[in-house]
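Subject: Structure for your review

Dear colleague,

I am passing on the structure below, together with notes on what I found when going through it. Please read the notes with the coordinates open beside you.

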Amino acid sequence: MQGHTDEAEATLHTATDRAPASGAAFVALGDFYRQRNRPDEAIAAYQKAAEVDPAHLPAYTQLGDLFVALGRLEEARTAYERGLAAQPADAASLIGLAQLEQRRGNRAQAEDAYRRALALDPRALDAYTGLAQLLLQSGRIDEAAQTYAQAAEALPGSPDALLAQ
């Protein structure tokens, strides 16, 4: 097993060497490190992805998500905001920011970010479920039910949308 892991890591390094301006290659390397519980190396790879390809949005969202998992919330906020600065119409960065604000108890900011994400991507299931959970936590049951219904309507036949109800 270790041999395959070493081989995979070597392949990813080869990819970054051959395509040093590829944000996707560095994000893949960061994902590899994150899956192997090597957060410092994952952070460095995601940061390199953002440096070499500032328009590659997964660099920011993956970095933000990792910072959230590590409890480094201000750094997560910065990563998501950098993603939004690179592409203001990035629903994934807005969802990450919304989840962060929800975790911090900033319900109004979280709700706003979820709603902005849905305006950009009406099929963003994570935005629907996050918003509905936030509304439930706020005691806004009818609005939460309506949000779940909107998810099912926006994603017809999606088992995830149906399960979210």
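Helix α2 and helix α4 cross in a left-handed sense, and in this predicted model the axes of α2, which spans residues 23-35, and α4 come within 10 Å while crossing at roughly 20°. Since an angle under 35 degrees counts as roughly parallel, α2 is therefore roughly parallel to α4. On the α2 side the contact is made by Val27, Asp31 and Arg34, which meet Pro58, Ala59, Gln62, Asp65, Leu66 and Ala69 of α4.

Is glycine 64 buried or exposed? Its relative accessibility is 0%, and it therefore counts as buried, the cut-off for that class being under 20% relative accessible area. When neighbours within four places in sequence are left aside, glycine 64 is in contact with Ala76, Ala79 and Tyr80.

The residues that make the contact are Ile95, Gln99 and Gln102 from α6, and Asp126, Ala127, Gly130, Gln133, Leu134 and Gln137 from α8. In this contact of α6 with α8, three residues are nonpolar, five are polar and one is charged.

Which residues does tyrosine 114 touch, if those up to four places away in sequence are not counted? They are Ile95, Ala98, Gln99, Gln102, Asp126, Ala127, Gly130, Leu131 and Leu134, and among them Ile95, Gln99 and Gln102 of α6, as well as Asp126, Ala127, Gly130 and Leu134 of α8, also belong to the contact between those two helices. Tyrosine 114 itself lies in helix α7, which runs over residues 107-120. With a relative accessible area of 1%, tyrosine 114 is buried, and its C-alpha atom is separated by 36 Å from that of histidine 13, a residue 101 positions away along the chain.

Turning to the protein as a whole, there are 10 helices and zero strands. Its C-alpha atoms fill a box of roughly 55 × 30 × 25 Å when the box is taken along the principal axes. Of the 165 residues in the protein, 43% are buried, and the accessible surface comes to about 8700 Å², with 50% of that area belonging to carbon and sulfur atoms. Finally, among the contacts with a separation of 6 or more, 42% are between residues 24 or more positions apart.

Key: Residues numbered from 1 in each chain as written. Predicted model: local features only at pLDDT ≥ 70, side-chain atom pairs only at ≥ 80, totals over all residues. Heavy atoms only, no water. Contact = heavy atoms within 4.5 Å. Helix = DSSP H or I, 4+ residues; strand = E, 2+ residues; numbered from the N terminus. Nonpolar A, V, L, I, M, F, W, Y, C, P; charged D, E, K, R; others polar. Buried < 20%, exposed > 50% of the residue type's maximum accessible area, 1.4 Å probe, protein only. Areas by Shrake-Rupley, 256 points an atom, 1.4 Å probe, with all protein chains shown as cover. Axes fitted to C-alpha atoms, helices over the stretch in contact; angles between N-to-C directions. Parallel < 35°, antiparallel > 145°, perpendicular 65-115°, else oblique. Left-handed = near helix turned anticlockwise from the far one by under 90°.
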